Amino acid sequence: VFILAIESSCDDTAAAVLCGDKVLSNVVARQNIHEEYGGVVPELASRAHQQNIVPVIDVALKKANVAKEQLSAIAFTQGPGLMGSLLVGASFAKSLSMALNIPLIAVNHMHAHILAHFIDEEGFDKPTFPFLALTISGGHTQIVKVNDFFNMEIIGETTDDAVGEAFDKTAKILGLPYPGGPLIDQFAKEGNPKKFPFTKPKVEGLDFSFSGLKTQILYFIQKNVLINPHFIEENKHDICASVQNVIIEILMNKLKLAVAETGIKQIAIGGGVSANSGIRTTLKAAEGKYGWKTFIPKFEYTTDNAAMIGIVGYQKYLHDKFTDSTVVSKARIEF
Ligand code: ATP
Ligand code: FE
């Protein structure tokens with residue numbers, strides 16, 4: 001079974017070809033245009049998708065050495081995401097499925113961030129059901145109880161900002177380019193995580209809140225820059241390490257609570273922020289510390305990619321979960 005997968009929910013145009021649960025190619029065209037604006041500009045994103053989508057799919061097919069005529073189905077991201085971006089991928093997927101007369105499969109982007117763990121990769125174990133997924137990305141922060149491929153429930157989520165936003169907004173305060181998450185990760189490696197203790201928000205149960213932390217960081221920086229104009233340059237590494245540290249503590253505390261409440265000790269992480277090296281190391285260490293079994297995705301399947309759309313597409317293909325050409329993109333989508 002050859003599946004072509006298309007992901008265009010935000011600012012990356014991505015295409016992948018899978019043979020069953022194996023990835024033959026996984027191509028991403030990043031849009032650098034947003035850097036100068038300090039965030040994703042929706043109108044520019046959809047325009048860049050228009051330019052990129054045909055070449056990206058061509059490259060994905062060529063790299064996989066698969067001809068269009070060999071494809072069994074086309075999977076695409078239905079939502080959630082930016083409407084103008086989603087429409088480009090959906091329209092292309094519909095047209096190609098009609099032209100080739102093969103089935104169309106609609107995929108929920110957040111399910112895909114979780115189910116990326118079912119891609120067959122050497123050296124990576126697959127979780128068994130049920131397991132807990134911590135999805136941490138640019139727009140979401142969720143703890144999900146995954147009962148099966150198509151049966152999952154959100155048991156905790158953010159009440160305001162996503163954890164990726166906490167990283168990106170901190171980076172912006174520090175004057176770093178967008179998206180700043182990876183840079184904070186890089187600087188944190190040489191910093192002291194205990195240097196600046198930030199307080200954790202008090203949120204009941206399994207939910208999260210990150211907007212208060214953002215304000216706390218902003219005031220902390222403003223106050224110190226007034227005293228010493230070179231505060232940021234002189235303390236860049238320690239600030240990044242301290243911010244990353246408090247974020248990791250917040251995530252770990254909620255995970256511990258989720259394990260206590262559900263009795264499930266298999267934990268998988270997914271989404272762009274799961275690329276963070278501090279989070280990856282801390283979670284790995286939790287195996288010995290708490291007796292958990294943890295699943296950390298291959299780096300290329302953390303931030304947006306089409307391979308993760310393809311693996312959901314493959315599972316839906318096996319279960320005859322197809323859609324027709326009247327399907328519509330959804331900026332928000334029921335889980
Ligand atoms: P969503 O999946 O919620 O729709 P998205 O698709 O825009 O949002 P992803 O591509 O999944 O988001 O993740 C992007 C986010 O991941 C950005 O906020 C980025 O800063 C963050 N990120 C990427 N790498 C790292 C890292 N190493 N450390 C921290 N954050 C990171
Ligand atoms: Fe994403």
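Visitor: Where is P80 placed?

Guide: P80 sits in the loop between β4 (73-79) and α2 (83-100), where helices (H or I, at least four residues) and strands (E, at least two) are DSSP runs, numbered from the N terminus. The peptide bond from G79 to P80 is cis, with omega near -5°.

Visitor: Before we go on, what kind of model is this, and how is it numbered?

Guide: This is a predicted model, in which local features need pLDDT of at least 70 and side-chain atom pairs count only at pLDDT 80 or more, while totals for chains, interfaces and linings use all residues. Residues are numbered from 1 along each chain as its sequence is written, and chains are lettered from A and ligands numbered from 1 in the order in which they are written.

Visitor: And what is the mean pLDDT of the protein chain?

Guide: The mean is 97, and 100% of the residues reach 70 or more; pLDDT is the predictor's confidence in each residue, from 0 to 100. The model also scores ipTM 0.98 and pTM 0.96.

Visitor: Back to the backbone: which residues does the other cis bond I noticed join?

Guide: Y178 and P179 are joined by a cis peptide bond with omega about -10°, and P179 is in the loop between α4 and α5. Most residues other than glycine have a negative phi, and most peptide bonds are trans. N101, a residue other than glycine, has a positive phi near 55°, and N101 lies in the loop between α2 and β5 (104-108).

Visitor: Which residues are closest to ligand 1?

Guide: The closest are G138, G139, G164, G181 and G272, among 24 residues that surround ligand 1, a residue being counted as near if its C-beta atom, placed from the backbone, lies within 6 Å. The elements that give two or more residues to this shell are α3 (109-115), α4 (163-173) and α5 (181-188).

Visitor: How many residues of that shell are charged?

Guide: The shell around ligand 1 has 3 charged residues, together with 14 polar and 7 nonpolar ones. Here Ala, Val, Leu, Ile, Met, Phe, Trp, Tyr, Cys and Pro count as nonpolar, Asp, Glu, Lys and Arg as charged, and the others, Gly among them, as polar.

Visitor: Which residues does UniProt list for "binding site"?

Guide: The unreviewed UniProt entry lists H109, H113 and D304, and although they are spread over 196 residues of sequence, they cluster in space, with a largest C-alpha distance of 8.9 Å. UniProt positions are given in the numbering used here, feature names are shortened, and annotations may be inferred rather than shown by experiment. H109 is in helix α3.

Visitor: Where is the kink in α7 centred?

Guide: The kink, of about 55°, is centred on H237, the bend at a residue being the angle between axes fitted to the seven residues ending there and the seven starting there. G263, which follows α7, has a positive phi near 75°.
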